[in-house]
Amino acid sequence: MDSKVFSLKITIKLFKKLTKLNSLKSYAFYLIFITSFVSNSYGQEGDPVAGKALFNTNCASCHKLDRKMTGPALRYVEKRLAEDEGLEREWLYKWIRNSSSLIKSGDPYAVKIYEEYNKAAMTAYPQLTNTDIDNILAYTAQDKAVPKPTAVASNLAVGPSNGIGLSDEIILGVFTLLFLLLSIALVVVTKTLKTLAELKGVKPKEKKKTKPIWKAYLENQFLMLCTAILFLLVSAYGFYGWTMQVGVNQGYMPVQPIHYSHKIHSGDNKIDCNYCHSSARVSKHSGIPSLNICMNCHKSIYEYNGETTEEYTKEFYDAEIQKLYKAVGWDDEAQEYTGVTYPVKWVRIHNLPDFAYFNHSQHVNVAGIECQTCHGPVEEMEIMYQHSPLTMGWCINCHRETNVKIKDNEYYDRIHVELSKKYGVEELTAAQMGGLECGKCHY
Amino acid sequence: MIKYSYKILLIFTIFLQSCWGDKGAPNYEYMPNMYKSLSYEAYSENQIFEDELSARLPVEGTIPRGYSLYEYEDTNEGYDLAKKELSNPFSFVQKDILKAKELYTVHCGICHGAKGAGQGILVKREKILGVPSYADPGRAITSGSTYHVIYYGRNSMGSYANQLNEKERWMVTSYVMKLKSDLSK
């Protein structure tokens with residue numbers, strides 16, 4: 001620490017001298033001298049741990065250390081400003097506390113950076129003290145942590161399992177070979193036994209000729225009748241079962257153009273269904289979100305850092321995010337929209353036939369039914385599939401069993417009172433409210 | 001006889017397919033013309049337009065019925081102006097505030113947190129960082145600036161104009177201002 005303070009003092013002295021010097025040569029010499037000498041001392045007197053916390057709460061929405069976001073990447077920012085622009089920490093204090101006044105004052109670098117980042121105004125942080133800013137700068141001055149050698153570990157993990165797979169095959173092969181040898185041996189043994197018997201003159205016993213069982217069966221008319229009836233019943237049952245699944249897509253799990261995992265979004269990160277499917281509240285459709293809704297988060301989230309499996313690796317998920325960027329026309333390097341977009345052709349899973357009317361808002365908003373009642377445990381689905389059969393019988397069954405939520409539901413204020421009188425019940429089911437009438441869904 | 005057994009086999013395989021069949025393909029339909037809509041559905045493909053989308057944006061220069069024009073521009077000047085002079089045209093009752101809380105929890109709470117202190121679940125899980133508290137003195141948000149940011153988005157935050165309608169945006173705004181005053185206590 002002492003040596004650093006010492007080097008700083010020297011720097012200050014040199015700066016003072018520098019202002020007096022006019023010769024260009026010596027200026028260059030001193031500049032090289034200073035940078036080589038001082039480069040390690042930037043941001044050293046703050047606490048990087050406290051700085052990280054401050055950085056994450058105040059700066060990280062627009063800045064990352066090694067990546068351009070709404071604002072520039074901030075690793076070694078102080079060093080960079082000092083070396084490239086000749087700006088000292090005082091300038092950074094001013095800029096962070098109130099950047100707009102610095103821009104208005106006509107500071108050339110402030111104006112330049114403001115123009116460069118599409119006039120995005122940096123929020124003023126008057127509440128940050130000098131020590132706070134020193135801490136943040138200490139955090140930005142840290143060297144990038146070298147990623148742990150996970151690749152080697154994963155290779156090691158794959159190695160033995162591969163070995164097991166191979167030995168499994170060997171064992172299987174050995175067994176097949178053994179079986180073959182045994183069967184050959186059996187054939188050979190029976191052949192030799194037969195020849196031996198012939199040589200000894202032993203005659204094999206002749207079998208008595210009886211009526212074969214199939215013939216007896218065919219001649220028994222009662223049995224035949226029973227069989228015919230049984231056959232007809234079984235095939236009628238089979239045919240009925242087959243016709244009942246026509247047009248039913250329960251379990252339908254198509255491959256989507258972008259691998260969107262509901263498990264990660266609504267399971268792990270607990271994003272409400274209505275965040276993306278916001279039209280379910282107000283319209284017939286539970287809309288597929290347009291890509292700008294994805295970009296609400298994925299402007300900041302450009303990589304996947306959660307749990308991975310062998311099938312779904314980090315690289316796999318990262319590539320899926322890149323697909324989103326391509327479709328929405330987001331240039332991740334330049335952090336701006338290119339304007340070239342491609343519609344994503346999502347494959348529709350839940351699809352009622354045209355002759356049945358279904359309205360999401362009626363069920364979500366008025367009845368207050370959970371999405372999972374019909375769509376199943378979506379928050380656990382890595383790949384989305386159709387959970388319910390969506391048949392008419394299934395609809396009707398739910399309408400018969402479900403009591404309408406009357407409490408605090410002004411939609412049903414009057415009709416509930418009158419209908420309860422009519423049926424003489426306390427709780428009304430959806431069916432008693434008219435949920436079985438044909439015209440409700442078919443018209 | 002051969003033809004007959006062929007048919008049985010066909011029915012049998014179809015039957016089997018319905019049990020353990022390919023989950024990646026939809027089932028066949030009985031009389032498909034009863035299933036398919038004649039009119040264009042919201043997400044159907046469409047040969048009329050170049051990008052083949054049936055879902056269209058309103059024609060440029062028009063406003064859908066029931067919507068109104070938002071007069072402030074998506075610039076820093078527009079933000080400052082809205083912050084200074086824009087105020088809530090609606091008056092809300094207790095029921096609206098409950099509804100506003102619900103909307104806030106769904107759309108804002110995941111980042112801004114239930115109390116508006118910037119500690120939503122995505123922040124806690126370090127997916128999105130740097131979400132400020134509503135009581136942040138540097139921003140000094142007003143209901144005008146909050147509405148403006150919900151409408152256009154700002155910096156890393158996106159626009160919520162297509163998830164919330166005008167009244168809902170103002171409901172959320174008033175709830176945000178309530179959270180701000182709670183935080184400042």
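Helix α6 (residues 143-152) of chain B packs against α7(B) at an angle of about 130°. Their axes lie 9 Å apart. That angle makes α6(B) oblique to α7(B). The crossing of the two helices is right-handed. All of this is read from a predicted model.

**Chain B around this pair**

Chain B has seven helices and zero strands. Along the sequence its pattern reads α-α-α-α-α-α-α. The chain has 185 residues, and 33% of them count as buried.

A140(B) sits in the loop between α5 (121-124) and α6 of chain B. Its phi is near 45°, a positive value in a residue other than glycine. A140(B) is partly exposed, with a relative accessible area of 35%.

Chain B also carries a salt bridge between K36(B) and E29(B). The closest N and O atoms of that pair are 3.1 Å apart. E29(B) is partly exposed, at 27% relative accessible area.

Side chains of opposite charge can pair when their charged atoms come close. Over all chains, the structure holds 13 salt bridges. Which chains does the pair R281(A) and E168(B) join? R281(A) lies in the loop between α13 (273-276) and α14 (291-298) of chain A, while E168(B) lies in helix α7 (residues 166-184) of chain B, so the pair joins chain A to chain B. The N to O distance is 2.6 Å. Both R281(A) and E168(B) are buried.

A further pair, E303(A) and K314(A), links distant parts of the chain, 11 residues apart. E303(A) is in the loop between α14 and α15 (314-328) of chain A, and K314(A) is in helix α15 of chain A. Their closest N and O atoms are 3.0 Å apart. E303(A) is partly exposed, with a relative accessible area of 28%. K314(A) is partly exposed too, at 26%.

Three of these pairs are set out below.

| Pair | Closest N and O atoms |
|---|---|
| E303(A) and K314(A) | 3.0 Å |
| K36(B) and E29(B) | 3.1 Å |

**Helices α14 and α15 of chain A**

α14(A) and α15(A) meet at an angle of about 130°, with their axes 11 Å apart. That makes α14(A) oblique to α15(A). Here the crossing is left-handed. The crossing of α6(B) and α7(B), by contrast, is right-handed.

**A nonpolar surface patch on chain A**

Which residues form the nonpolar patch on the surface? They are I213(A), W214(A), Y217(A), L218(A), F222(A), L223(A) and M224(A). Together they have about 770 Å² of accessible area.

Two helices, α10 (213-219) and α11 (221-244) of chain A, each supply at least two residues of the patch. The largest share, four residues, comes from α10(A). L223(A) lies in helix α11 of chain A. What is the relative accessibility of L223(A)? It is 34%, so L223(A) counts as partly exposed.

**Loop residues in chain A**

K270(A) is found in the loop between α12 (262-268) and α13 of chain A. Phi of K270(A) is near 55°, a positive value in a residue other than glycine. Is K270(A) buried or exposed? K270(A) is exposed, with a relative accessible area of 53%.

I406(A) lies in the loop between α18 (392-401) and α19 (413-423) of chain A. I406(A) is buried, at 17% relative accessible area. The cut-off matters for this call: buried means under 20%. I406(A) and E427(A) are 21 residues apart along the chain. Their C-alpha atoms are separated by 8.5 Å.

Notes:
Residues numbered from 1 in each chain as written. Chains lettered and ligands numbered in written order. Predicted model: local features only at pLDDT ≥ 70, side-chain atom pairs only at ≥ 80, totals over all residues. Heavy atoms only, no water. Patch = residues over 30% accessible without salt bridge, like charges linked within 9 Å, V, L, I, M, F, W, Y side chains within 5 Å. Areas by Shrake-Rupley, 256 points an atom, 1.4 Å probe, with all protein chains shown as cover. Salt bridge = Lys/Arg side-chain N within 4 Å of Asp/Glu carboxyl O. Buried < 20%, exposed > 50% of the residue type's maximum accessible area, 1.4 Å probe, protein only. Axes fitted to C-alpha atoms, helices over the stretch in contact; angles between N-to-C directions. Parallel < 35°, antiparallel > 145°, perpendicular 65-115°, else oblique. Left-handed = near helix turned anticlockwise from the far one by under 90°.
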